[in-house]
Structure formats: structure tokens, C-alpha cells
Amino acid sequence: MAFMPGLQRLLRHTPLLPSHHDSIRLASTLTSPKLFVSGLSRLTTDEKLKEAFSSFGQLVEAKVITDRASGRSKGFAFVTYTSIEEAEKAREGMNAKFLDGWVIFVDPAKPREPRPPQHSRPQPSESGFTINKTVGWCG
């Protein structure tokens, strides 16, 4: 392994620079004071989220998103601050940190995409009959 001494010499004289991997998740700049928090424990509540993020600035809202049917956490949340600067501090301070035993990730929240309108009533077919698209057993 004749190249090893040369490699060691190169590494010794190369200044240590922060790895580009360290900032991959922090690459984009915030355009809104709203953050998306993922990787949450199912046990994390709105209160625990507020407590963890309140030291970075004045919170407008800290909301864990829950399933409508079961009421259980979906494992992500949104945190909103009064300013982009506070949100940036929270993002830098909480990204890849532990909360309730889980590593969480903090990213800029993306604007909600419009959803197609849902029809509240079944639409009649061309023949005038209403089609029942329910799947399952009757009984």
C-alpha cells in the first residue's frame, strides 16, 4: 500500500471543512415562518411540541396532525412562528434532534396544494340510476 503515506500526508495538510452532507436538509432558505416537522413519536402532543419549540421565538401555532378516524398522531406536525428569523433559528436548533425518543426533521412547510372538489352526493349515471360504489359485505 504505497499510496497510504501520501494519502495520510494529504489528509494531514488539508484544512477540515464542514461536510456538504451536514447542510443538505438546511440548503433551502425559508420564505414563510411555517415549518414542517416529521419523524414525530406517536406520543408527541401539541403541548410537548410547543414546549420543545418555544425557546426559539414566539409561537403562533404548534399542531400535531392526527388521523380523523382514530385520533392518533400521523407522525408529523406544523410549527408557525411570528417571524421567518425565529423559524430559521428553530429549524437550525431542532433539525435532526431527539424529541420523545425519536429523531425529528424540521423543514420549510410547502404551500398546501389545491385538492379537486369532492362531490357530496352520488352522481346519477347516464341511464338515470345512482351507482353505489361501496365495496364490502352487506348484512
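**Figure 1. R91 is a buried residue of helix α3 in this predicted model.** With a relative accessibility of 0%, R91 counts as buried, because that class covers residues under 20%. Helix α3, in which R91 is found, spans residues 84–94. The C-alpha atom of R91 is separated by 5.5 Å from that of V106. Along the chain, R91 and V106 are 15 residues apart. Across the protein, buried residues make up 22% of the 139 residues.

**Figure 2. The protein has three helices and five strands.** Read from the N terminus, its elements follow the order α-β-α-β-β-α-β-β. Among contacts with a separation of 6 or more, 63% come from residues 24 or more positions apart. The accessible surface comes to about 11,200 Å². Carbon and sulfur atoms account for 58% of that surface.

**Figure 3. pLDDT stays under 50 over residues 10–26 of the predicted model.** For residues 10–26, the model has seven contacts beyond four places in sequence. The mean pLDDT of the protein is 81. Of its residues, 65% reach a pLDDT of 70 or more.

**Figure 4. F36, F76 and F78 form one aromatic cluster.** A search of the whole structure finds three aromatic pairs. In one of them, the ring centres of F36 and F76 are 5.6 Å apart and the ring planes stand at 45 degrees, so this pair is tilted. F36 belongs to strand β1 (residues 34–38) and F76 to strand β3 (residues 73–81), so their pairing ties together parts that are 40 residues apart in sequence. F36 is partly exposed, at 26% relative accessibility. F76 is also partly exposed, with a relative accessible area of 23%. The rings of F76 and F78 make another pair, with centres 6.2 Å apart and planes at 90 degrees, so this one is edge-to-face. F78 counts as partly exposed at 21% relative accessibility, because the buried class ends under 20%.

**Figure 5. The charged end of K34 sits over the ring of F78.** The charged end of K34 is 5.0 Å from the centre of that ring. The ring of F78 also takes part in the edge-to-face pair with F76. F78 is one of the residues of the aromatic cluster, together with F36 and F76.

**Figure 6. Strands β2 and β3 run antiparallel and are joined by six bridges.** Strand β2 covers residues 59–66. Within this pairing, A62 stands opposite V79 of β3. The hairpin of β2 and β3 has six residues between the strands. In this hairpin, G71 takes a positive phi near 80 degrees. Strand β3 also holds F76, the partner of F36 in the tilted pair.

**Figure 7. A96 and D100 have positive phi values although neither is a glycine.** Most residues other than glycine have a negative phi. Phi of A96 is about 65 degrees. A96 is found in the loop between α3 and β4, a strand that covers residues 97–99. A96 counts as partly exposed, at 45% relative accessibility. Phi of D100 is near 55 degrees. D100 lies in the loop between β4 and β5, the latter covering residues 102–108. With a relative accessible area of 33%, D100 is partly exposed.

**Figure 8. S41 is a buried residue in the loop between β1 and α2.** Helix α2, at one end of this loop, covers residues 46–53. At 4% relative accessibility, S41 counts as buried, because this value is under 20%. Neighbours within four places in sequence left aside, S41 is in contact with S73, D100 and W102. One of these contacts, D100, is the loop residue with a phi near 55 degrees. The C-alpha atoms of S41 and G101 are 7.3 Å apart in space. In sequence, S41 and G101 are 60 residues apart.

Notes:
Residues numbered from 1 in each chain as written. Predicted model: local features only at pLDDT ≥ 70, side-chain atom pairs only at ≥ 80, totals over all residues. Heavy atoms only, no water. pLDDT = per-residue confidence, 0-100. Contact = heavy atoms within 4.5 Å. Phe/Tyr/Trp six-rings, centres within 6.5 Å; stacked < 30°, edge-to-face > 60°. Helix = DSSP H or I, 4+ residues; strand = E, 2+ residues; numbered from the N terminus. Buried < 20%, exposed > 50% of the residue type's maximum accessible area, 1.4 Å probe, protein only. Lys NZ or Arg CZ within 6 Å of the ring centre and 35° of its normal. Pairing = 2+ DSSP bridges. Areas by Shrake-Rupley, 256 points an atom, 1.4 Å probe, with all protein chains shown as cover.
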